[in-house]
Amino acid sequence: MSKWTNLAKKVLEGELLEKKEALEILEAPNDEVLSIMDAAYTIRSHYFGNKVKLNMIINAKSGLCPENCGYCSQSIVSNAPIEKYPMLNKETIIAGAQEAIKRQAGTYCIVASGRAPSKRDVEEVAGAVEEITKTTSLKICACLGFLNEEKAQRLQQAGVHRYNHNLNTHRDNHSSIVSTHTYEDRVNTVNEVKRSGISPCSGCIFGMGETNEQIYEIGVSLRNLDVDSIPVNFLHAIKGTPLQEQKPLEPLACLKILALMRFINPSKEIRISGGREVNLRSLQPLGLYAANSIFVGDYLTTDGQEAEYDHKMIEDLGFEIEECAL
């Protein structure tokens with residue numbers, strides 16, 4: 001057996017990946033990538049078989065954000081030419097759920113820009129969620145910014161199944177990406193979500209200057225937070241943002257990162273998220289040997305590929321779309 005297969009066996013026996021082993025994955029020669037993905041697939045298939053969870057985003061509030069996140073086209077420091085609008089009304093959010101069903105997504109993700117939702121925003125989303133969960137089998141994920149106990153409880157009572165709040169980068173890299181909030185602010189919201197009884201979702205954007213050691217430590221931080229779902233984003237550098245000159249990661253480097261996230265968080269949902277089309281490019285199908293979830297359709301302000309292409313990719317791999325999204 002290869003060293004990577006032995007490492008997968010160790011993980012399946014309940015042992016934690018060591019830092020030295022993690023760095024070996026990230027620093028492995030490119031001709032080892034297929035062996036690494038095969039080992040990652042051993043873990044993935046143990047917990048998820050060949051099923052793929054599909055998620056669809058609605059950008060429920062666009063732009064108008066006071067935060068200065070360097071990667072984001074919706075931030076106050078961005079000059080990107082994006083559409084800007086306040087929170088969509090309940091009826092529009094409900095209508096988006098039908099599009100999610102059409103795309104065979106099991107999870108409908110209601111995402112809004114801004115530091116934190118107003119009470120009115122929370123009520124608009126909560127009203128939509130109550131109707132959607134009454135009339136469909138969709139699982140609902142919300143991503144509205146920082147939450148306090150009252151707002152988290154209201155969303156939980158409305159039927160929100162999952163709440164996303166990404167760490168986005170390593171603790172030590174955070175201040176170089178954003179200064180209007182702290183890394184601890186993000187961790188606190190994830191913990192507030194957990195206390196409310198909503199399933200926690202948190203991940204990262206790779207390709208913002210982090211070291212291999214930091215990539216490993218991000219994976220460990222997510223494991224320690226015990227989140228249920230981990231979106232793995234790869235930076236899509238948008239013109240007009242402070243990170244517009246950042247180059248995409250190489251596809252093989254992305255595959256190594258996805259494999260590492262699976263080794264560190266073996267039983268968790270690993271979702272290939274924003275930037276997969278411009279970073280993984282033609283190697284997107286290989287990513288699903290480590291990950292078990294993707295978004296279908298467009299992201300917040302960037303285009304995704306056609307849902308039909310994703311459906312065909314899953315079929316060609318011999319995988320199948322999972323109907324139950326959580």
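Mentor: We shall discuss cavities, pockets, strand pairing and aromatic pairs in turn. The model is predicted, so local features need pLDDT of at least 70 and side-chain atom pairs count only at pLDDT 80 or more, while totals for chains, interfaces and linings use all residues. Residues are numbered from 1 along each chain as its sequence is written, and side-chain values use heavy atoms, with hydrogens and water left out.

Trainee: How many cavities of 30 Å³ or more does the structure hold?

Mentor: There are two of that size. A cavity is a set of points, on a 1 Å grid over the protein atoms alone, where a 1.4 Å probe fits but cannot get out, and lining residues have an atom within 4 Å of a point. Grid points are joined across faces, edges and corners, and a volume is the space filled by probe spheres set on the points.

Trainee: What is the volume of the largest cavity, and which residues lie nearest its centre?

Mentor: Its volume is about 900 Å³. The lining comprises 44 residues, and Tyr 71, Cys 72, Asn 166, Ile 205 and Leu 300 lie nearest the centre.

Trainee: Which elements give two or more residues to that lining?

Mentor: They are strand E1 (51-61), E2, E3 and strand E7 (229-234). Helices (H or I, at least four residues) and strands (E, at least two) are DSSP runs, numbered from the N terminus.

Trainee: How does the lining of the largest cavity divide by class?

Mentor: It has 21 nonpolar, 18 polar and five charged residues. Here Ala, Val, Leu, Ile, Met, Phe, Trp, Tyr, Cys and Pro count as nonpolar, Asp, Glu, Lys and Arg as charged, and the others, Gly among them, as polar.

Trainee: And what lines the second largest cavity?

Mentor: That cavity, of about 30 Å³, is lined by Tyr 71, Leu 167, Asn 168, Thr 169, His 174, Ile 177, Val 178, His 181 and Arg 186. By class, four of these are nonpolar, four polar and one charged.

Trainee: Turning to pockets, how much space lies in the largest one?

Mentor: About 210 Å³. Of its 13 lining residues, Ala 105, Gly 106, Ser 137, Leu 138 and Glu 323 are the closest to the centre. A pocket is an open set of points with protein on both sides within 12 Å along at least five of seven lines. Six residues of this lining are nonpolar, four polar and three charged.

Trainee: Now strand E3: how many of its five residues are buried?

Mentor: Four are, and E3 (residues 139-143) is thus described as mostly covered. Buried means under 20% relative accessible area, exposed over 50%, and partly exposed in between (1.4 Å probe, protein chains only).

Trainee: In what sense does E3 pair with E2?

Mentor: Strand E2 (residues 107-112) and E3 pair in the parallel sense over five bridges; two strands pair if DSSP finds at least two bridges between them. From E2 the chain passes through helix H5 (residues 119-135) to E3 in a right-handed β-α-β crossover. Right-handed means that, with the strands pointing away from the viewer, the path from the first strand over the helix to the second runs clockwise.

Trainee: What joins E3 to E4?

Mentor: Two bridges join E3 to strand E4 (residues 162-164), and the strands run parallel. Ala 142 has Tyr 163 in E4 as its bridge partner. The β-α-β crossover from E3 to E4 goes through helix H6 (residues 149-158) and is right-handed.

Trainee: Last topic: how many aromatic pairs are there?

Mentor: The count is four. Rings of Phe, Tyr and Trp (its six-membered ring) pair if their centres lie within 6.5 Å; planes under 30 degrees apart count as stacked, over 60 as edge-to-face and the rest as tilted.

Trainee: Why is the pair of Tyr 41 and Phe 319 called stacked?

Mentor: The ring centres of Tyr 41 and Phe 319 are 6.3 Å apart and their planes are at 5 degrees, so the pair is stacked. Tyr 41 lies in helix H3 (residues 33-48) and Phe 319 in the loop between helix H13 (307-316) and strand E10 (320-321), 278 residues apart.

Trainee: Is Phe 319 buried or exposed?

Mentor: Phe 319 is buried, at a relative accessible area of 8%, whereas Tyr 41 is partly exposed at 22%.

Trainee: How are the rings of Tyr 289 and Phe 319 arranged?

Mentor: Their centres are 5.6 Å apart and their planes at 70 degrees, so this pair is edge-to-face. Tyr 41, Tyr 289 and Phe 319 form one aromatic cluster.
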